[in-house]
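Here are a few friendly notes to read alongside the structure. Take them one at a time and find each feature as you go.

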Amino acid sequence: MMAALWAAGAFGQTQGLGQKDGVPQDGEVHVLHVRGPIYMILGAGGNVTASVGQDGVLLVDTGLANMSDKLLAAVRQLQRETATNGLTENRFGAETRSSERALVDTEGPPKPIRYIINTHLHPDHVGGNEKISKAGRTLTGGNVTGDIANAGEGAAILAQQNVLNRMSKPAANQPAIPFAALPTDTYHRDMKLSHFFNGDGIHLIHEPAAHTDGDTIVHFRGSDVIATGDIFLTNSYPIVDLANGGNINGIIGALNDILDRSIAEFRLEGGTMVVPGHGRLCDSADVAYYRDMVTIIRDRIEDMVRRDMTLEQVKAAQPTKDYDGRYGAASGFWTTDKFIEAVYRSVAGEKKR
Ligand SMILES: [Zn+2]
């Protein structure tokens with residue numbers, strides 16, 4: 001299981017402040033280098049995964065709206081560092097080819113933010129969409145890749161179709177979401193970027209009816225990093241957003257899919273790196289432990305439902321008790337009781353409500 005190693009330097013204090021599961025809770029944004037061009041940015045709301053390099057910037061999620069400025073500052077700093085580093089051997093993609101390496105390495109201003117991918121619709125993952133998209137520039141396709149000046153067009157925002165459907169028609173008690181914050185490109189199942197980006201093939205995989213009904217995991221295939229969104233969390237039980245189409249069985253299916261795509265380096269450690277929706281950087285062993293935990297609790301509750309126990313009886317039977325020390329919560333947004341109820345409703349289906 002990975003111990004999180006914090007990148008020192010530009011982003012200030014990293015250790016010893018208020019932490020939960022190794023994650024700073026100091027109101028600041030923190031950057032952790034994962035591998036190659038991939039960085040994990042913590043503290044902006046949900047975790048943000050960034051690919052930063054010669055092709056520009058791709059962000060998985062954009063944090064909370066009120067953290068946009070700090071997130072953008074962190075991205076700008078990474079852009080400057082990679083532009084002056086002359087990093088990279090063998091990294092090429094949409095704007096660069098291997099034969100051009102020497103020409104593009106060290107010169108010129110940082111490349112813009114090109115893509116935002118939304119793992120799902122929650123405001124701690126899409127809140128920065130508008131501001132951060134506007135700070136970027138879309139990448140045009142075909143033979144005209146590059147900086148076609150079109151100030152009106154920010155970075156492309158990619159998401160599964162259900163994310164756009166739900167964001168563009170918020171519930172009656174929710175405020176309308178500005179057009180500029182909505183996904184610009186959607187897909188129903190999986191999607192691949194049509195070209196390498198900073199040396200990675202990038203695969204967007206829809207996980208049906210899991211945390212919500214619009215979840216995407218993002219696999220950076222060269223660097224071998226998977227950003228999971230809120231399907232995987234290190235500091236709480238999985239959040240099942242029933243109202244937005246989530247289901248505990250879909251979460252287990254998605255966790256199994258993440259494991260299917262992961263390869264450990266040695267004795268279950270290292271190898272594929274996994275960025276959870278919240279919490280610390282992980283490897284596949286962490287995902288396997290979490291998958292086992294969720295599956296065990298689902299099976300227990302499913303068995304109780306089969307024996308016609310009511311929700312109150314299931315809660316009283318404490319089906320999560322042995323895991324509550326690590327994942328449980330008695331107060332706050334996602335309590336253990338709410339988790340049990342969501343699992344109960346997932347497995348009991350409509351007739352038990
Ligand atoms: Zn979420």
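1. In what order do the strands of the open sheet with mixed pairing lie? Keep in mind that this is a predicted model. The sheet has 6 strands, and they are arranged E10-E11-E12-E13-E14-E15. Strand E10 (191-192) and strand E15 (282-283) stand at the edges with a single partner strand each, so one side of each has no neighbour in the sheet.

2. Next, look inside the sheet. Strand E12 (residues 215-220) and strand E13 (residues 225-227) run antiparallel and are joined by 3 bridges. To see a bridge pair for yourself, find histidine 219: its partner in E13 is isoleucine 226.

3. Now turn to the largest nonpolar core, which has 80 residues; Ile41 and Leu71 touch the most other members. The element that gives the most to this core is helix H7 (residues 284-306), with 7 residues.

4. Stay with leucine 71 for a moment. Leaving aside neighbours within four places in sequence, leucine 71 is in contact with Val29, Ile41, Ala44, Val48, Thr62, Gly63, Gly128 and Ile132.

5. Among the buried residues of H7 are Val287, Tyr290, Arg291 and Ile297. What covers the buried residues of H7 includes helix H6 (248-261), strand E14 (273-275), E15, helix H8 (311-316) and helix H10 (336-348).

6. Finally, see what comes after H7. Aspartate 308 follows this helix, and its phi is positive, near 60°.

Technical notes. Residues are numbered from 1 along each chain as its sequence is written. This is a predicted model: local features need pLDDT of at least 70, side-chain atom pairs count only at pLDDT 80 or more; totals for chains, interfaces and linings use all residues. A nonpolar core is a set of buried Ala, Val, Leu, Ile, Met, Phe, Trp, Tyr and Cys residues joined through C-beta atoms within 7 Å. A residue is buried if 20 or more other C-beta atoms lie within 10 Å of its own, exposed if 12 or fewer, and partly exposed in between; C-beta atoms are placed from the backbone. Helices (H or I, at least four residues) and strands (E, at least two) are DSSP runs, numbered from the N terminus. Two residues are in contact if their C-beta atoms, placed from the backbone, lie within 7 Å. Two strands pair if DSSP finds at least two bridges between them.
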